[in-house]
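Good morning, and thank you for coming. I would ask you to look at the chain on the screen while I describe how its parts are arranged.

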Amino acid sequence: VQVMESGGGSVQAGGSLTISCVVSGINFGGWNYGWFRQTPGSDHEFVFVASILYDGKGSVYADSVKGRFTISRDNAKDTLYLQMNGLTREDTGVYYCNRVNWPRSARDSWGQGTQVTVSS
């Protein structure tokens, strides 16, 4: 399984950003997927952000992002998305996608991630 995250960047607090993850080497539409992040001060821990069922019909969010972030997927494009609104400095970090054992446990090795930096 290979993943390629993209779409990160720098944004001011209160702004929005959408990141993407293209998955290859697996039947993407048959698996649940999620987003995780490493933030400054997290000691390189991968922290759960959100996950979505294989068919897109259910999702789970960390309390810290609930109401601000939306996870979605396009199985025809083998792509996972994370729309992030109302960004705060606490959202700064490197974001990774991964297959999940529902709903919060990552199961594969990690990709290179995409950097999101929020400034005030």
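Predicted model: local features only at pLDDT ≥ 70, side-chain atom pairs only at ≥ 80, totals over all residues.

Residues are numbered from 1 along each chain as its sequence is written, and side-chain values use heavy atoms, with hydrogens and water left out.

Let us begin with the chain as a whole. It contains zero helices and eleven strands. Here helices (H or I, at least four residues) and strands (E, at least two) are DSSP runs, numbered from the N terminus. The C-alpha trace spans about 40 × 25 × 25 Å along its principal axes. The radius of gyration, taken over C-alpha atoms, is compared with a globule rule of 2.2 Å times the number of residues to the power 0.38. For 120 residues a compact globule would have a value near 14 Å, and the chain agrees with this at 13 Å. Of the 120 residues, 43% are buried; buried means under 20% relative accessible area, exposed means over 50%, and partly exposed lies in between, with a 1.4 Å probe and protein chains only.

I turn now to the sheet. In general, strands of a sheet pair through backbone hydrogen bonds, either parallel or antiparallel. Four strands form an open sheet in the order 1-3-8-7, with antiparallel pairing. Its edges are strand 1 (2-6) and strand 7 (69-74), each of which pairs on one side only. Two strands are said to pair if DSSP finds at least two bridges between them. Strand 3 (residues 17-24) and strand 8 (residues 79-84) have six bridges in the antiparallel sense. Within this pairing, S20 stands opposite Y81 in strand 8.

Which residues does the disulfide join? It joins C21 to C97, with an S to S distance of 1.8 Å; the rule asks for a pair of cysteine sulfur atoms within 2.5 Å. The count by this rule is one disulfide. C21 belongs to strand 3 and C97 to strand 9, 76 residues apart, and the pair thus links distant parts of the chain. Both cysteines, C21 and C97, are buried. The torsion about their S-S bond is about 45 degrees, so the disulfide is right-handed.

Finally, the aromatic rings. Rings of Phe, Tyr and Trp (its six-membered ring) pair if their centres lie within 6.5 Å; planes under 30 degrees apart count as stacked, over 60 as edge-to-face and the rest as tilted. There are six aromatic pairs by this rule. One of them is F28 with Y33, a tilted pair at 5.1 Å centre to centre and 45 degrees between the planes. F28 is buried at 0% relative accessible area, and Y33 is also buried at 0%.

Why is the pair of Y96 and W110 edge-to-face? Their planes stand at 75 degrees, with the ring centres 5.7 Å apart, so the pair falls in that class. Y96 is buried at 8%, whereas W110 is partly exposed at 30%. These two residues also belong to one aromatic cluster with F36, F46 and F48.

Charges also sit over rings, meaning that NZ of Lys or CZ of Arg is within 6 Å of the ring centre and within 35 degrees of the ring normal. R73 sits over F28, 4.2 Å from the ring centre, and R99 lies over the face of W31 at 4.3 Å.
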